[in-house]
Amino acid sequence: INAYSASHINGVLEAAYMGLYIPPTTPITAQSTMANITEANYDGYARLQVVWYPPYTDTAGPQTLTAASLYYAPTDSNVPNVITGLFLANAATGGQLLMAQPFASPDYPLQMPGNALVVAPQFQLGYGQGYGGTQIVS
């Protein structure tokens with residue numbers, strides 16, 4: 001998401017769904033779309049709606065949004081997945097890609113019940129990105 005202020009939560013991010021992706025997802029760029037994403041497909045997988053808490057400005061200056069943790073876990077071992085990144089979309093299925101992020105390392109195996117991935121979403125924008133100028137500090 002380019003240069004959106006945290007105040008835009010009621011528009012772009014309010015109805016966001018987080019999903020997981022697996023290989024062979026192509027490298028993520030600013031031009032990536034849902035067509036570039038190979039979505040997880042283990043039994044029990046579904047995108048989860050992100051429930052954001054009110055935005056705040058942290059001590060370092062950037063506007064910060066945090067959300068309730070999201071829990072992903074397979075219901076059986078029939079379709080094992082290795083999760084290589086996550087994404088936000090504007091719908092529970094299909095929809096438009098809002099942003100995506102590969103995991104630096106390691107990848108996360110979700111191959112059977114008992115394997116789980118808990119995600120604590122956080123989104124930050126520096127002052128210049130959020131308001132279009134430099135921050136004045138007195």
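## Basis of the model

This is a predicted model, in which local features need pLDDT of at least 70 and side-chain atom pairs count only at pLDDT 80 or more, whereas totals for chains, interfaces and linings use all residues. Residues are numbered from 1 along each chain as its sequence is written, and side-chain values use heavy atoms, with hydrogens and water left out.

## The four-stranded sheet

An open sheet is formed by four strands in the order E2-E1-E7-E8, with antiparallel pairing. Strand E2 (48-49) and strand E8 (97-102) stand at the edges, and because each has a single partner strand, one side of each is left without a neighbour in the sheet. Strand E1 (residues 17-21) is joined to E2 by two bridges, the two strands running antiparallel, and Met18 has Leu48 as its bridge partner in E2.

## Salt bridge and aromatic pairs

Side chains of opposite charge can pair when their charged atoms come close. The count comes to one salt bridge, defined as a side-chain nitrogen of Lys or Arg within 4 Å of a carboxyl oxygen of Asp or Glu, and the side chains that meet in it are those of Glu39 and Arg47, at 2.9 Å from N to O. Glu39 is partly exposed, with a relative accessible area of 23%, while Arg47 counts as buried at 8% relative accessibility.

The structure holds three aromatic pairs, a pair being two rings of Phe, Tyr or Trp (its six-membered ring) whose centres lie within 6.5 Å, with planes under 30 degrees apart counted as stacked, over 60 as edge-to-face and the rest as tilted. Tyr42 and Tyr45 form an edge-to-face pair, 5.5 Å centre to centre with 75° between the planes, and both residues are buried. The rings of Phe103 and Tyr108 have centres 4.9 Å apart and planes at 80°, so this pair is also edge-to-face; Tyr108 is partly exposed, with a relative accessible area of 33%. Ring pairs link Tyr42, Tyr45 and Tyr72 into a cluster.

Asn81 lies in strand E6 (residues 81-83) and is buried, with a relative accessible area of 3%. Its side chain makes a polar contact of 2.8 Å with the side chain of Asn41, such a contact being a pair of N or O atoms within 3.5 Å in which, within protein, one must be able to donate a hydrogen and the other to accept it, and residues adjacent in sequence count only if both atoms are side-chain atoms. Not counting residues up to four places away in sequence, Asn81 touches residues including Tyr42 and Tyr108, where contact means heavy atoms within 4.5 Å.

Val119, in strand E10 (residues 117-119), is buried at a relative accessible area of 9%. Leaving aside neighbours within four places in sequence, Val119 is in contact with residues among them Met18 and Tyr72.

Conventions
Buried < 20%, exposed > 50% of the residue type's maximum accessible area, 1.4 Å probe, protein only. Pairing = 2+ DSSP bridges.
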